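Notebook open, viewer open. I'll jot down what I look up as I go, one topic per entry.

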Amino acid sequence: MQTLIPWQQPDVQPTPALERQLERRVLAPARRIGENLPLVAITEPPPPVSILHPPQGGTWIAAYHDSDPVALARGALHAPEAEIRRLAQLHKAGVEPDAILVGHQLPGRWQPGDPVPAAYLPAEVATVDRLLATQAAAVSAGVDFLRTLAGIGAGLGAATVAGVGQLADAAVLLDPFVLGGITEPKTGLVGWVFLGGWDERP
Amino acid sequence: MSDLEEYDDGSSFGDFLSHLRPYPVPPGFRFALLYAAGGSILLLLAGLAASALPTSQDLAGHLAIGAAPVGSVLELFRAPSSALVFFGVAGLMVTAAIGIRPRVEGAGVLAALTTFGVVAGVWAAVGWLIVLIAYLTTLVLWLFVVALILGAGAVASRAEWGMAIVMVVVALLLASWLENATSDPTTTIGAARPPERSQSVIAPPSEEEQPRHLPPAKPALTQQRIAVESFMTSEFDAWHELPYVPPCDQTTRSAELVSFRDILTLMRQRLREAARYDEPEAFRQVSEDLERVDSERARAFTDPQGVYEQFGRCPSAVGVMVFRWR
């Protein structure tokens with residue numbers, strides 16, 4: 001998964017001290033269980049909640065896990081079970097970052113104080129709704145097919161167009177991500193390691 | 001997720017993990033389950049419906065035209081019936097398993113089951129639609145015969161006797177052809193052709209149950225019996241492939257094959273007795289008759305019309321045997 005981290009500063013290189021800390025507390029324990037975690041950014045310590053509105057649209061929210069407005073609105077941070085198991089294994093292996101930064105991507109412009117869109121609460125509702133829509137479309141297409149067997153083209157054409165339209169909708173993905181940060185005491189810079197991420201479907 | 005609370009060890013990562021939750025299953029998931037169960041049941045029913053599609057043999061006695069090609073197409077529709085039934089049952093079990101422990105990750109399986117169920121339903125429905133169309137075609141032809149006869153009556157009432165006679169003749173010819181076509185399980189319009197072996201309406205000669213308390217058969221004769229019986233089977237099969245041309249028709253052929261089958265059954269019984277009581281003469285008689293049958297078939301195969309013209313009878317396996325099997 002390629003996730004663009006909006007706070008990334010590629011020109012900033014980790015100091016040897018930060019490298020050692022990252023290696024000892026994050027990278028080496030992760031490698032022991034076969035995980036090669038990438039260092040994705042080195043930044044100043046970010047504010048508790050950061051909000052960006054990229055030119056291409058949408059909203060990026062990045063926040064420490066205990067001040068994440070999306071998780072607070074939803075009552076919890078939801079993740080796929082497999083991803084939770086993986087993160088738990090990393091913790092068990094000894095991965096021990098100083099801070100956890102959670103990122104959310106929301107379509108549309110979102111400001112602090114705005115309600116988290118109901119359609120994304122929780123996001124998997126949309127998944128099941130989409131599933132139901134797909135199932136209903138399949139049933140409808142079957143019925144239409146039988147009804148219009150004589151004029152086979154029309155029924156199938158409509159069903160295909162509907163299906164393609166739904167696939168196009170489904171291709172719009174949102175990318176929650178989790179970063180683990182190690183702070184270098186001298187400079188205060190934080191090295192962020194990509195711990196995990198997954199897709200959400202609006 | 002309560003089992004993650006153990007990770008709340010005071011570290012940031014542990015605290016984060018303790019707040020992670022799997023995506024809850026929304027209420028709409030129940031409908032997804034219902035859809036998937038319906039899809040699985042549809043798969044099952046479609047499999048049963050597809051397996052019940054008529055074969056070429058079933059159609060041959062009822063369809064005036066197209067029994068063979070329709071049968072071939074239906075064979076295609078019938079082919080996946082076992083798989084559909086299997087996946088229907090498996091789908092029900094999977095749906096039940098997902099329903100017992102609802103997980104959003106199972107949504108894809110549920111959607112697939114629903115979709116496959118609909119596709120399978122359409123598949124079976126199209127198969128039966130083809131059957132319906134085929135039967136309707138024959139029905140329409142018969143209705144055309146009736147219409148011709150009624151039309152002839154109407155024309156005759158106006159004293160147009162020529163037209164009335166023509167219509168009656170056409171109706172009779174069409175009716176005769178329809179009757180012949182629907183009673184001939186192996187031929188199609190205007191063409192005599194060898195039927196496929198699987199389409200044979202004449203069952204092969206059956207193995208007779210061995211009587212009890214009989215002396216054991218001689219090993220050499222038993223081996224010979226097995227060889228001769230194998231020859232019988234192949235010969236019986238080969239006669240199914242023999243083309244019949246007019247004036248020999250399927251009625252003659254069916255009767256001949258039934259007689260041949262009965263005689264082969266008698267031959268088998270005789271050979272078993274002969275093997276037990278050491279009677280090689282019986283083997284010689286059977287072999288001679290089978291050789292005659294084989295020669296007749298070879299000649300009829302190359303020149304079926306010539307056989308009829310020479311002997312005044314249709315090619316027949318029974319006809320060339322010495323009369324001792326009854």
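Predicted model: local features only at pLDDT ≥ 70, side-chain atom pairs only at ≥ 80, totals over all residues.

**Entry 1: chain A, overall.** I started by reading along chain A, and the pattern came out as α-β-β-β-α-β-α-β-α-α-β-β. That tallies as five helices and seven strands.

I then looked at burial and contacts for chain A. Of its 202 residues, 31% are buried. Taking contacts between residues at least 6 apart in sequence, I see that 75% of them join residues at least 24 apart.

**Entry 2: the sheet in chain A.** In what order do the six strands of the open sheet run? I read S1-S7-S6-S5-S3-S2 in chain A, with antiparallel pairing. Strand S1 (39–43) and strand S2 (49–52) of chain A are at the edges; each has a single partner strand, so one side of each has no neighbour in the sheet.

Background reminder: strands of a sheet pair through backbone hydrogen bonds, in either a parallel or an antiparallel way.

I zoomed in on one pair, strand S6 (residues 177–183) and strand S7 (residues 190–197) of chain A. They pair in the antiparallel sense over seven bridges. Within this stretch, A:Leu179 sits opposite A:Phe194 in S7(A).

**Entry 3: two helices in chain B.** Over to chain B for a helix pair. I recall that two packed helices are described by the angle between their axes and the distance between the axes. The crossing of H9(B) past H10(B) is left-handed.

Which residues make the contact? On the H9(B) side I list B:Met267, B:Arg270, B:Leu271 and B:Ala274, and on the H10(B) side B:Ala282, B:Phe283 and B:Val286. I sorted the residues of this contact between H9(B) and H10(B) by type: six nonpolar, no polar and one charged.

**Entry 4: the loop residues with positive phi.** Most residues other than glycine have a negative phi, so I went looking for exceptions.

B:Asp278 is in the loop between H9 and H10 of chain B. Its phi is near 55°, a positive value in a residue other than glycine. Buried or exposed, B:Asp278? It is exposed, because it has 11 other C-beta atoms within 10 Å and 12 or fewer is the cut-off.

B:Ala159 is another one: not a glycine, yet its phi is positive at about 65°. I find B:Ala159 in the loop between helix H6 (107–157) and helix H7 (161–183) of chain B. With 7 C-beta neighbours inside 10 Å, B:Ala159 counts as exposed too.

**Entry 5: a glycine inside a helix.** Last stop, B:Gly91, which lies in helix H5 (residues 81–100) of chain B. I count 25 other C-beta atoms within 10 Å of B:Gly91, so this residue is buried; the cut-off is 20 or more.

What does B:Gly91 touch, leaving out residues up to four places away in sequence? My list reads B:Gly39, B:Ser40, B:Leu43 and B:Leu113. I also took one C-alpha distance: B:Gly91 to B:Leu110 is 8.6 Å, with the two 19 residues apart along the chain.

Methods:
Residues numbered from 1 in each chain as written. Chains lettered and ligands numbered in written order. Left-handed = near helix turned anticlockwise from the far one by under 90°. Helix = DSSP H or I, 4+ residues; strand = E, 2+ residues; numbered from the N terminus. Contact = placed C-beta atoms within 7 Å. Nonpolar A, V, L, I, M, F, W, Y, C, P; charged D, E, K, R; others polar. Pairing = 2+ DSSP bridges.
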